[in-house]
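Please keep both in view while reading.

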Amino acid sequence: MRAGRSSPGLSLASALVYLFLYAPIAVLVIFSFNQSRLTARWRGFTLLWYTTLWRDHRIFHSLMNSLVVATATTLICVVLGTMAALAWTAVGGKWRSAGEAVIYLPLIIPEIVIAVALVIFFSFIHLELGLTSLILAHVAFCISYVIVVTGARLASSDRSHVEAAMDLGADEWRAFFRVTLPLAAPAILSGALLVFTASFDDYLISSFVAGVGSTTLPLQIYSMLKRGITPEINAVSAAILAATIPLVYIAQRLERGSLSLRRAMASLAGIFAFMAIPVLVRTWPSSPNVPQLNLYVWSDYLSPRLIHGFEQAYHCHINYDYYDSNEALLAKLQAGNVAYDVVTPSDYMVQIMIHQGLLARLDKSKLPNVWAHADPRFLHLPFDPHNDYSVPYAWGTTGLAYRADLVKGKVDSWSVMFNPRYAGHILLLDDMREVFAMALKELGYSLNSTNPAQIRQARDLLLREKPLVKGYNSSNFQQDLAAGDAWIVQAYNGNMTFVMHENPNIRYVIPKEGCTISVDCACIPRNAPHKKLALEFINWFYRPRVAALFINDCGFNTPNLLAPRYVRPWLLRNTAVFPNPASLTRCQFMHSLGRAMLLYDRYWTEIKAD
Amino acid sequence: MEKVLQWFRCRPKWRVTVLVAGSLVFLVGLMLLPLMYLFAVSLAERARYGTIRWHFSLQNYLQAFHPLYLEIYWRSFWIALTTTMLCAVLGYVVAYTIALRVSGGWKSVLLMLVVIPFWTSYLIRTYAWMLIFRAQGVLNNALLWLGVIHQPLQLLYTTPAVFVGLVYAQLPFMILPLYAVLQKLDPALLEAAQDLGASRWKTFFRVTLPLSSQGLAAGSALVFISAAGAFITPDLLGGARSMMVGNVIEDQFAVARNQPFGSAVAFLLTFVVLGILLASLRSTQRGARELL
């Protein structure tokens, strides 16, 4: 008889906590078989998302990176960590406490702090970001697990076995391999499992120290999450769960000592093969010996057909990463240790980057298609008057998108964003310049205002609006609008193109007060490793059919005069992509703000933090 | 080879140094030095466009105490504290059941069921809640179908959503240490208390709780520290007013480009976390001493 009588209350409460633990997991697995794309209503069984997953090259590429990083991290940590744990028992005195402090450092410092410390340190020592920097960072935060876990086991194990072995004539080397190591093996193995999962699962530190072509699975999943919920993510999740459960089972049995080491190793090898074989099958064809081109562009500024087209035409391999704000791009380039070949900053950011000496001069003679087909409205703009450093890649406006079925009345003005009737249904871009542009326009000022009084007024207006705002989102606001999580959003035009096509209740307008018109430019960073191929890419992009492919696939417009000939008719009629030229006269380009930028920065933090 | 070994055998200090060296290179070179560099940056100044100017002052730390940021720290603090308390309550229920109410095979099954989510990707677990909380998500659909509500509730991008996500992510960190101490508890003590006439609640507060305080302190420290520095959960589930200190730090590095200020905030967070950890260690030691 256990303590106390049986209490149904406690059992019920426990059952509820288990329900809480497993309901989300069940939801994930169930909905990975759901036919519906957007809603969480059951629309019938399908394996479609698993086949989509199987065809998704990027997922497999990132899974490969994750396996490489986690395996290397585990090997390094286990070898070095076990060595340290073995010796640690012999360390004494003041060295011991100092060493212990260092060992516990990665376990107690918040992960975000480790992440930012590593990223500025890597920039400081000019270590190029990539798989190597990822592995180094992972070893740094994982090695302590092994030292602590194995160390605890070794400390509790009996020295007498080793002494007995040596008394029986074994030399130290042999005693180690025959006695110490087998005794410590379960601890080493469970330490290894811990390190493997910690490394495989890490998002935060990886997101800071990953570089070109080293996107790991969590980074890939995160960017998929940020850019839109698709059931493909459910399928990935279910697959990862399927691999995790046997792993936990083995780890648990190892812990209790009810599993022989050999069986454990065999099962682990089995699970690893289960994960690695599909990855090898899917990533095998891409041979690494072809020339590489590293692109770092705005989210949705590439499509599989574009990438494949260029790779075929120029026998090369494209690595690409996405960013969601000009400032994020600036941060990466300023750190100076990433090797991107083509980037697409917006107009005002081109000006800043030229000023900072981050961009290379373009060899204009290598870009004949650009000079032949570019729309002259987008050339020779003030931020780069002679197009020495930049040529236009895409252009667009930042306007207002809304659900005509949920928002009553005519919407043609920014003032709807300040209407308390829509409290809790408004999303703004997570973009300082754009949010201030909206407020400045609403107040009737220039969106490039450097007048402190006007900027302060804009801040006050935004602070008053804050209670109405549901969130700041630059990446998947169109999905929130489509799913009804928001009714009115500040939007980049191109993001709206496809959801407008799917749902006619979604509208995009250029407000009557005016808004931003922006041109995102193809530029080559000064330290780009493949400048020649980068120029070829930019020139190739200006082929009319390629430019049309960009419009058809990405939903953004590109300043190519001949492209509309090959664009799908419904896109030509879409007012988000091809707006009425008269409405563009109300739009304004952004300029670099100089010193006023500091004021904007400060106010933006105040608004975000409020 | 034999000679090398012989040499090391005669010099145990050298042997220890060589064995420890590998790990130390990583821990010092890629953990201690970066943190020291971070500290140096926190004393520097932001140049125009976000580069670092080596002009030392305490300006960033002063700025970090601006009321604006105090509010965010306060918010992070109470979010972390509430998360810890919720985890403690839920964690006790489960740990108590596993340790004292079930036996044999059930014990290991229930324990494994706690550990599985703990090993599953944090991102994926957070994402599951996004599916549940959407306007057309699982929860809203279920409530609409049951007729409890007639309009979808706005659940995603709110602070309660952040709570649920944090509690969900941190719960195993509370259950496991609690289970470890409750497992060692002698059921005879509880029986004795009840035989002597203590009610069930009284037994819990006077016997079980004090005897498991060490596990509670360890679990609370783990949960509080992770929750206070959370970044992913508020970023994915939180809305316009759920910014936490982790988001401030990330924002300063990735968006606002004020690395010195971001470093200063990061250091303040570290100091607070270390302080709480030391306090919890001390309290468990004192608790243990009182028991003896």
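## The domains of chain B

Into which domains is chain B divided? The model, which is predicted, has a chain B made up of domain 1, covering residues 1–42, and domain 2, covering residues 61–291. Between the C-alpha centres of these two domains of chain B there is a distance of 36 Å.

The two domains of chain B do touch: five residues of domain 1 are in contact with eight residues of domain 2. Together they bury about 520 Å², and carbon and sulfur atoms give 76% of that area. On the side of domain 1 of chain B, the residues that lose the most area to domain 2 are B:Leu38, B:Val41 and B:Ser42, which together account for 75% of what that side buries.

What kinds of residue does domain 1 of chain B place against domain 2 of chain B? The touching side of domain 1 consists of four nonpolar residues and one polar residue, with no charged residue. Between domain 1 and domain 2 of chain B the count of salt bridges is zero, and the count of residue pairs in polar contact is one.

## The interface of chain A and chain B

How many residues of each chain take part in the contact between chain A and chain B? On the side of chain A there are 117, and they are in contact with 110 residues of chain B. The area buried between chain A and chain B is about 10,300 Å², with 71% of it on carbon and sulfur atoms.

Polar and charged groups are also found across this interface. Four salt bridges link chain A and chain B, and there are 20 residue pairs in polar contact between these chains. Helix α1 of chain A, residues 8–31, gives the most to the side of chain A that touches chain B, contributing 13 residues. By residue type, that side of chain A divides into 75 nonpolar, 25 polar and 17 charged residues.

A salt bridge joins the side chains of B:Asp251 and A:Lys608, with a distance of 3.9 Å from N to O.

B:Ala240 is located in the loop of chain B between α12 (232–237) and α13 (245–254). Is B:Ala240 buried or exposed? Its relative accessible area is 7%, so B:Ala240 counts as buried, the limit for that class being under 20%.

Leaving aside neighbours within four places in sequence, B:Ala240 is in contact with residues of chain A, namely A:Lys466, A:Val469, A:Lys470, A:Gly471, A:Tyr472, A:Lys608 and A:Asp610. One of these, A:Lys608, is the partner of B:Asp251 in the salt bridge described above. Within chain B, the C-alpha atoms of B:Ala240 and B:Thr158 are separated by 7.9 Å, although the two residues are 82 residues apart along the chain.

## Two histidines with positive phi

Chain A contains A:His315, which has a positive phi of about 45° although it is not a glycine. A:His315 sits in the loop between α13 (304–314) and β2 (317–323) of chain A. Because the relative accessible area of A:His315 is 61%, this residue is exposed.

A:His380 also has a positive phi, near 55°, and is likewise a residue other than glycine. The loop that holds A:His380 lies between α16 (368–373) and β4 (390–403) of chain A. With a relative accessibility of 54%, A:His380 counts as exposed, for which the limit is over 50%.

How values were computed:
Residues are numbered from 1 along each chain as its sequence is written. Chains are lettered from A and ligands numbered from 1 in the order in which they are written. This is a predicted model: local features need pLDDT of at least 70, side-chain atom pairs count only at pLDDT 80 or more; totals for chains, interfaces and linings use all residues. Side-chain values use heavy atoms; hydrogens and water are left out. Domain bounds come from an automatic or database domain assignment. Contact means heavy atoms within 4.5 Å. Buried area is the accessible area (1.4 Å probe) that two parts lose on being put together, summed over both. A polar contact is a pair of N or O atoms within 3.5 Å; within protein, one must be able to donate a hydrogen and the other to accept it, and residues adjacent in sequence count only if both atoms are side-chain atoms. Ala, Val, Leu, Ile, Met, Phe, Trp, Tyr, Cys and Pro count as nonpolar, Asp, Glu, Lys and Arg as charged, and the others, Gly among them, as polar. Helices (H or I, at least four residues) and strands (E, at least two) are DSSP runs, numbered from the N terminus. Buried means under 20% relative accessible area, exposed over 50%, partly exposed in between (1.4 Å probe, protein chains only).
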